[in-house]
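My entries follow the display.

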Amino acid sequence: MKIGKYLVTRFTTLVPPGVVPANPIKLFRMLNRQQTAFFLVAFFAWTLDAFDFFSVTLNIIEIGKTFNKSVAHITWGITVTLMLRSVGAIVFGIAGDRFGRKWPFVINIAFYATLEILTGFCTTYGQFIVCRALFGVAMGGIYGNCATTALEDAPEAARGLLSGILQQGYAMGYLLAAAFNIAITHNQPYGWRALFWLAGFLPLLVALWRIFLPETKTFLSIKEARKAGKTKGNIHCYFIYVRRILIIDEAGHEVSAVQAVINSIRPTLKKYWMTLIYLILMMTGFNFLAHGSQDLYPTFLSNQLQFSTGLVTITTIVSNCGALIGGSLIGYSSSFFGRRLSIIVVLIAGAALIPAYLLPRNKTIMIGAFFQQLCVQGAWGVVPIHLIELAPDEFRSFVVGTAYQLGNLISSASSTIEASLGQRFPLESDSETTASHRFDYGKVMAIFLACTYVYLLIIILLGPEKKDAKNDEYIATELNNKSVKDDDTQSKLLTTPEDGQKKQTLENA
């Protein structure tokens, strides 16, 4: 397709499919017990992952006091986490595609939970940075495995709604971190450390739950296809004794572990490199938007606006309530109005709300925070299903996780950039503070968010969409089949033996 024709189709394909929105209750009823369990375990894993991450964001000033470091220094703990998430995405993404969605997921959860607990025991700034760097590796693998576990076995008609709810695990984790922070951090002798210990313990319960669930049916189908020789680029591993791993490629040659990894991802890069580049660019914008609007916001409230700890927490909770509503609502709506159109609408609204998010100097800022995060996470609510649809089936975990985390890598310095630039704009001193301690973070955040909104709007407008790759009538058909099945089941339950005999007599006559 020529470039000019493609650009024209970017506008014509924004027309909504016109499918009547399905009842969300009916969509939930389409899930069987196993699919429901997969979704819930993925949701809780993603929620607690965010809980662990935002434990640092909410305590930047407190951690800085502990290690005698500035805000900019502590934000490096956020930056290194985001930078190394791409490593975890590649490692656990490959493991998830090769060995299944189950055990790599379990190991991944246990890994990040352990590092979160260890962060609470750090006694030096260096130890803190190392723990957060390793935590980034562990955190990087979670998103791809969560998205595939939650969505790939789910009925297609319900995926848009589930995608929006799944993504809001991130906002729910932020909300939980804020709530537990105000309840724990200043009410016991260990300060911020106790919050990290709790945040690290809870994910271990999710890992235990996942152990008792089976492998996803989609992966088992892919595994059978590989055995049948339908998927190219297979690498077969034979475990000999306990210490030695012999890896043999399709030609029967023994290869090193590094070469085995390269061989496993080479078909993906060769065939889908344009898709992967686009997804990385898209996720770069989304991650700049999320981290640019959230990570330094509590510091902006406490440092520049001089809000108390309680008021900062309340504002954070209010903003995340907006995020939960926006993500679920827009994710649900995207199944019927299109993925790209849904994202574009909330991006425009979010850009218009930047002044309300950062300019008020009293409690009315909560209103702007609510609606700004409704837009930010509303756009994010479409991300999981949009990624799943654009990624190839046989390399879904690798492509989704890698695109997401490489986007995180590129945008990893968001909070550090905002903090460093903000310190170039000191505010006038008052009776309690000096100019060297208060900074105009709001000005920098406003410019940063405006640039991000423009970039992301262009990326989404010019990008592809596969929402309508299959017949739109599939949703209605699937819902009707479910309804018919339920009606048959109900009729059987209400039919007495006498009714059955009468019916048989009439049929014989």
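Is F51 buried or exposed? I am working from a predicted model. I looked up F51 and found it buried, because its relative accessibility is 0% and the cut-off for buried is under 20%.

**Aromatic pairs.** I searched the whole structure and got 21 aromatic pairs. I took W46 and Y143 to begin with: their ring centres are 5.0 Å apart and the planes meet at 70°, so I logged the pair as edge-to-face. W46 belongs to helix α3 (residues 33–57) and Y143 to helix α8 (residues 142–151), so this pair ties together parts 97 residues apart in sequence. I checked burial for both. W46 is buried at 1% relative accessible area, and Y143 is buried at 3%.

Next I went back to F51. F51 forms a stacked pair with F180, at 5.7 Å centre to centre and 15° between the planes. F51 is in helix α3 and F180 is in helix α9 (residues 159–185), so I noted a link between distant parts of the chain, 129 residues apart. F180 has 30% relative accessibility, so I put it down as partly exposed.

**Cluster.** I also noted one aromatic cluster, formed by W46, F53, F54, Y143, Y170 and Y174.

**Charges over rings.** I found the charged end of K69 over the ring of Y125, 5.1 Å from the ring centre. R132 lies over the face of F135, 4.2 Å from the ring centre.

**Cysteines.** I counted zero disulfides. I looked up C321, which is partly exposed at 32% relative accessibility. C451 is exposed, at 51%.

Notes. Residues are numbered from 1 along each chain as its sequence is written. This is a predicted model: local features need pLDDT of at least 70, side-chain atom pairs count only at pLDDT 80 or more; totals for chains, interfaces and linings use all residues. Side-chain values use heavy atoms; hydrogens and water are left out. A disulfide is a pair of cysteine sulfur atoms within 2.5 Å. Buried means under 20% relative accessible area, exposed over 50%, partly exposed in between (1.4 Å probe, protein chains only). Rings of Phe, Tyr and Trp (its six-membered ring) pair if their centres lie within 6.5 Å; planes under 30 degrees apart count as stacked, over 60 as edge-to-face and the rest as tilted. Helices (H or I, at least four residues) and strands (E, at least two) are DSSP runs, numbered from the N terminus. A charge sits over a ring if NZ of Lys or CZ of Arg is within 6 Å of the ring centre and within 35 degrees of the ring normal.
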